[in-house]
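Please look at the sequence and the structure below, and then read the briefing beside them.

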Amino acid sequence: MLIADDLLRSGRTLKALLNIVRDADAYTVGVFAIVSLSNAWRSVLGEEVRSRVLLNIQQ
């Protein structure tokens, strides 16, 4: 499953989405987001999940 999100900040929504995918007995191959406001969300991802962000804004 590829997770697409418009905005990444703390990673709470991303963590919930990853749990939904896992509960469905599927696996996440990547995360795509348009904007990232911090790097805090990266701690939610495992080593095997690739990510791509179009615009990274550090606050």
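In H1, the residues Leu-14, Leu-18 and Val-21 are buried (under 20% relative accessible area, where exposed is over 50% and partly exposed lies in between, with a 1.4 Å probe and protein chains only). They cover an arc of only 60 degrees around the axis, which puts them on the same side of H1; the arc is taken from the directions from the helix axis to the C-beta atoms. An α-helix has 3.6 residues a turn, so residues three or four places apart point the same way.

This is a predicted model, in which local features need pLDDT of at least 70 and side-chain atom pairs count only at pLDDT 80 or more, while totals for chains, interfaces and linings use all residues. Residues are numbered from 1 along each chain as its sequence is written, and side-chain values use heavy atoms, with hydrogens and water left out.

**The helix**
- Helices (H or I, at least four residues) and strands (E, at least two) are DSSP runs numbered from the N terminus.
- The face of H1 turned away from its buried side carries the exposed residues Arg-12, Thr-13, Ile-20 and Asp-23.
- Just after H1, Asp-25 takes a positive phi of about 60 degrees.

- The buried residues of H1 pack against S1 and S2, where contact means heavy atoms within 4.5 Å.
- Leaving aside its neighbours within four places in sequence, Leu-45 is in contact with Leu-14, Leu-18, Val-31 and Ser-51.
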